[in-house]
Amino acid sequence: MVGGRRSLTIDDSWWPLLDALRRHQRFDCVWHGGRGGADRGVAQWARARGLTVVEFPAPVELYREEDQPRQQAEARRNDDMLRAWGGYRRRGAAIVPCARAGGFVDLVLALPPDADTHDLVARAEHWPSLRIIRVWPPKISWRVQGVGIDARLVTLGDVAVKADPVLHWVLGHTRAQLRVAFSRRNWTVRTQRCGDTAAGPRQAG
């Protein structure tokens with residue numbers, strides 16, 4: 001499941017990162033709320049890769065008829081997506097949207113956010129069956145040292161988005177995954193927050 005701000009442009013500069021995320025986080029479907037911006041851009045990438053894309057728009061017309069604000073409709077959509085496709089998995093419930101989508105969501109990919117994305121992530125945090133990966137500031141520079149290595153990488157939120165050639169394999173891995181991998185190699189890591197917190201692979205890599 002993907003979320004991100006409406007004004008975010010996901011162009012082909014994002015595609016190598018999305019490819020790396022797909023490879024290392026192992027997903028073959030993309031579900032989104034039909035909000036444009038990040039949703040539209042990731043959906044275009046997914047279709048180009050032959051992935052299943054499922055749209056779950058907010059019930060805006062229903063809320064408009066009841067003279068309720070759009071934000072409530074989007075919050076309802078977020079809740080419905082997570083309850084139907086994420087949280088119910090551990091209860092073994094048969095949910096029609098799950099069957100139509102061909103599976104259950106187990107990962108929320110949160111791109112540079114707006115209020116609706118923050119709402120989605122906050123709701124997802126209540127479901128232990130869901131992983132959440134944030135790809136938004138802060139941007140952190142890592143210096144990795146050990147026997148035969150002295151290299152740098154950059155993470156944006158939870159994900160490695162840039163690395164020296166010797167560490168190119170880390171792209172698309174989460175910080176938690178990297179800590180395990182580096183520990184196994186007895187590598188030490190020092191981190192420093194980058195001054196540039198602009199969101200997006202074009203700036204980060």
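# Exercises on a predicted fold

Of the 205 residues of the protein, 48% count as buried (under 20% relative accessible area; exposed is over 50%, partly exposed in between; 1.4 Å probe, protein chains only). The model is predicted: local features need pLDDT of at least 70, side-chain atom pairs count only at pLDDT 80 or more, and totals for chains, interfaces and linings use all residues. Residues are numbered from 1 along each chain as its sequence is written, and side-chain values use heavy atoms, with hydrogens and water left out.

## Exercise 1: Inventory

Task: count the helices and strands of the protein, then find the share of contacts from residues 24 or more positions apart.

Solution.
- Step 1. The secondary structure comes to eight helices and nine strands. Helices (H or I, at least four residues) and strands (E, at least two) are DSSP runs, numbered from the N terminus.
- Step 2. Take the contacts with a separation of 6 or more: residues 24 or more positions apart account for 59% of them. Contact means heavy atoms within 4.5 Å.

## Exercise 2: Helix α1 against helix α2

Task: describe how α1 and α2 cross, and list the residues that meet.

Solution.
- Step 1. Two packed helices are described by the angle between their axes and the distance between the axes.
- Step 2. α1 spans residues 15–25 and α2 spans residues 38–48; their axes come within 11 Å and cross at roughly 65°. Axes are lines fitted to C-alpha atoms, for helices over the stretch in contact, and angles run from 0 to 180 degrees between N-to-C directions.
- Step 3. That makes α1 roughly perpendicular to α2. The classes are: under 35 degrees roughly parallel, over 145 roughly antiparallel, 65 to 115 roughly perpendicular, the rest oblique.
- Step 4. The crossing of α1 past α2 is right-handed: the near helix is turned clockwise from the far one by less than a right angle.
- Step 5. From α1, Trp 15, Leu 18, Asp 19 and Arg 22 take part; they meet Gln 44, Trp 45 and Ala 48 of α2.
- Step 6. By class, this contact has four nonpolar, one polar and two charged residues. Ala, Val, Leu, Ile, Met, Phe, Trp, Tyr, Cys and Pro count as nonpolar, Asp, Glu, Lys and Arg as charged, and the others, Gly among them, as polar.

## Exercise 3: What covers α2

Task: name the buried residues of α2 and what covers them.

Solution.
- Step 1. Ala 38, Asp 39, Gly 41, Val 42, Ala 43, Trp 45 and Ala 46 are the buried residues of α2.
- Step 2. Their cover includes β1 (2–3), α1, β2 (29–32) and β3 (52–55).
- Step 3. Now look past the helix. Gly 50 follows α2 and has a positive phi, near 80°.

## Exercise 4: The parallel sheet

Task: give the strand order of the open sheet of three strands, then examine β4.

Solution.
- Step 1. The order is β1-β4-β5, and the pairing is parallel. Two strands pair if DSSP finds at least two bridges between them.
- Step 2. β1 and β5 (131–134) are the edge strands, each pairing on one side only.
- Step 3. Helix α6 (residues 115–124) packs on the sheet and touches β1, β4 and β5; its direction makes about 150° with that of β4.
- Step 4. Two bridges join β1 to β4 (residues 107–110), and four join β4 to β5.
- Step 5. Find the partners. Gly 3 stands opposite Ala 110; Val 2 stands opposite Leu 109; Leu 109 also stands opposite Ile 133 in β5.
- Step 6. In a regular strand the side chains alternate between the two faces of the sheet.
- Step 7. Both faces of β4 are covered: Leu 107 and Leu 109 are buried on one side, Val 108 and Ala 110 on the other.

## Exercise 5: The antiparallel sheet

Task: order the four strands of the open antiparallel sheet, then follow β7 through its pairings.

Solution.
- Step 1. The order is β8-β7-β6-β9.
- Step 2. β8 (159–163) and β9 (188–193) are the edges, and each pairs on one side only.
- Step 3. Neighbouring strands are turned by 30° against each other on average, direction ignored.
- Step 4. Helix α7 (residues 175–184) packs on this sheet, touching β6, β7, β8 and β9, and its direction makes about 10° with that of β6.
- Step 5. β6 (residues 139–146) pairs with β7 (residues 149–156) over eight bridges. Among the partners, Ser 141 bridges to Val 154 and Val 144 to Ala 151.
- Step 6. Four bridges join β7 to β8; in one of the pairings, Leu 153 has Ala 163 as its partner.
- Step 7. Check the turns. The β6 and β7 hairpin has two residues between the strands, and Gly 148 takes a positive phi near 80°. The β7 and β8 hairpin also has two residues between its strands; Gly 157 in the turn has a positive phi of about 65°.
- Step 8. Six of the eight residues of β7 are buried, so the strand is mostly covered.
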